[in-house]
Amino acid sequence: MLRFLPALTLLAMLGPVVAGLWGTALPAFGHLPAAGLAGPSLDPFRSLFGWAGLSAAVRLSVMTGLIATSVSLAIVVFITAGWSGTRSFSVLERMLSPLLSVPHAAAAFGLAFLIAPSGWVARLLSPALTGWDRPPDLLIVQDPLGLAMIAGLVVKEVPFLMLMTIAAMGQAQPRRSLLVAQALGYGRLTGWLKTVFPRVYTQIRLPVYVVIAYSMSIVDVAVILGPSTPPTLSVQIVKWMSDPDLSMRLTGAAAALLQLALVIGALGLWWCGERIVARLGHRWIMSGGRGKFDAPIRAFSLGLGSISAFAILFGLAGLAVWSFAAFWSFPNVLPDSFTLRTWGRHGPDAVATLGETFLVAGIAVLLALALVLGCLEAEHRSGRGLTRRGLWLLYLPLLVPQTAFLPGLQTLLLNLGADVGRLPVIFAHLVFVLPYVFLSLGDPWRSWDTRYATVASALGARPWKVFWQVRLPMLLRPILTAMAVGIAVSVGQYLATLLIGGGRVSTLTTEAVALASGGDRRAIGVYGLMQTLAALVPFTLALIIPTILWRNRRGLHE
Amino acid sequence: MNKGLILRNLCILRAGIPLIEVDHAIAAGEVLTVMGPSGVGKSTLLAYITGTLAPTFTGMGQVLLDGVDITTKPPHARRIGILFQDDLLFPHMSVGANLAFGMPPGGGKAARRAQVEDALGDVGLTGFADRDPATLSGGQKARVALVRMLLSNPCALLLDEAFSRLDADLRAQVRDLVFQTAKERALPVLMVTHDIEDAQAAGGAVIELESLSKG
């Protein structure tokens, strides 16, 4: 049984992706039996290229994705270069998990509440500095250049890339290289960039690619913070796919293939960029320059990193305040009075939706955990670790843009008549939950001292007894953390729930994003906050449960 | 019946290149000491005997325990106890649960508990059953690890640098306890060490392993 688990895991992860791409390709070439259409034809592409907003939508997708990735990566690299090993760095490090667990939509709403013309920043500065006594008529959120959207992506990608970088540093032994560099007269930042960064980057390369693909094709953040006429290509795809006119799906499918091509193209572009940076970096290393701008870059990067962290935290505070706000006149920093009315009106619905959210997340995470533990145990028993190719396969569902395969998956399910709501949604979530649970649990699982297993089997314990009674309990903490990561991933899923659920499954995320166009800030506050709690509470439990369970076992807390 | 641990024409290869070769019989109650520089493959030899050799190595030759060929048996069925330089007490179990983990199943709850208490009493750790292993001193942990192994009724004993983490006076104490117990129970012992004092205290045959492959 155990032998088949890796194959089963691959099937659960890649099956929907491959099927979805197939289901996208067929209607993109005019084949959609459900609408009585048979291909092949190029009409869908003709109608796509006939859409007036296409070039703007494409430009938006590519630019926001590449800029958000570059900025996030630069912030992370310069903070790590300038500050790793210092106290400020460990403060940032401790903020990572909670920041990471905040769903994208909640972070985007929070940011919108901060930077909007009537947001907290404008209120703080008004009227003393700005002279505004009413919200200015500026298009700050949903600006046509997508700057707000880029900011929304950056605040969420910085913690992700930071976590990946810290994990990569564990293997790169940065301290010794840095000591040598410093002994040779390099400053901390330049020394780190020249000696440690090349090794770290090869480790975080795949996560960076994931960020590119994700940022280019994300829908929920684009709906909340991105421009609307025209929107990004991904948002337009979802619009086409939800059009009551079935023939619009053909255009949507063609656009989905275009989206896939764009992501591949952008990854190729980035790959070329890597080569150029590597060559320039080599020249920089050979030049022997000790770095003249270490101090300002250090300060600047820490400033940007702190702003991005506090943008999320204050954004969440904004959600909370709005959800309790009664009348709130501009430019007052706090509401004129507080009330429970919004919670009274939306609370019961939000709690019911929370139940549905946890049901979907819980089943998806349990399935993922069973598969991942099975794979890791099979790996342990055969003694053969994950290969480089295996790692790529693990990242593949995160590299294929969601907007390319989820619409196709929806069309396929529709054709099969299997669009029955919750179950397909769970399996669609599993595609994204599995890789994250695997990546989160893989390292702690493998770094477990296998001599414990040798001792246990020398004491006569069979392999499954070793698994259940020794390895699982000793790794309880990372297992619970991986589950929390999985739940956060599932809670944050927007497109998979919206498209595959066919409108019949609503989670906190789909409800919250649906509120975006209405502009009811108090309701958004309630749903955004609930969404954050749904992701944050499992992380808290993952910290508390082992502490309580192993309170008399000091050896497990080191 | 041919009591003892026999290593017959053992040869361990890495990527097809021979790493170590051993051909030796250890009689019941005797100690064979294997010495050699680090990285020569001493622990690999023990992994082959316990049946936990990593797939990057290939082992050839037979391991016979009390006349039975155990070369292809799974690790849990070999009845070979092993002590490492770290105590490797399971940190999530109490001292008593650590001991009970290795005891063969059977016997009532009370009887098993009594057996655990007795065994702890034998090494001067009366009343330690409910303790958290992390709260024990280094010498106490080493004794618990020894008792845990003995309670599983092994037919042979492997020591992988088992005393190297202990302070000098503690080391002699624990070492004497292990050798004395092995002698009482007539267990063949294979000890891997880089410490000449360990070899002298063991008093048995000594093999000096050398690297077969240069570089």
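Colleague: Why is N9(B) called exposed?

Modeller: Its relative accessibility is 53%. Exposed means over 50% relative accessible area, buried under 20%, and partly exposed in between (1.4 Å probe, protein chains only), so N9(B) counts as exposed. Before we go on, this is a predicted model, where local features need pLDDT of at least 70, side-chain atom pairs count only at pLDDT 80 or more, and totals for chains, interfaces and linings use all residues. Residues are numbered from 1 along each chain as its sequence is written, chains are lettered from A and ligands numbered from 1 in the order in which they are written, and side-chain values use heavy atoms, leaving out hydrogens and water.

Colleague: And what makes Q140(B) buried?

Modeller: Q140(B) has a relative accessible area of 17%, and the cut-off for buried is under 20%, so Q140(B) is buried.

Colleague: Why is A186(B) called partly exposed?

Modeller: The value for A186(B) is 39%, so A186(B) is partly exposed.

Colleague: Good! Why are α1(A) and α18(A) called oblique to each other?

Modeller: They pack at an angle of about 130°. Angles under 35 degrees count as roughly parallel, over 145 as roughly antiparallel, 65 to 115 as roughly perpendicular and the rest as oblique, so these two helices are oblique to each other.

Note on methods: Axes are lines fitted to C-alpha atoms, for helices over the stretch in contact, and angles run from 0 to 180 degrees between N-to-C directions. Helices (H or I, at least four residues) and strands (E, at least two) are DSSP runs, numbered from the N terminus.
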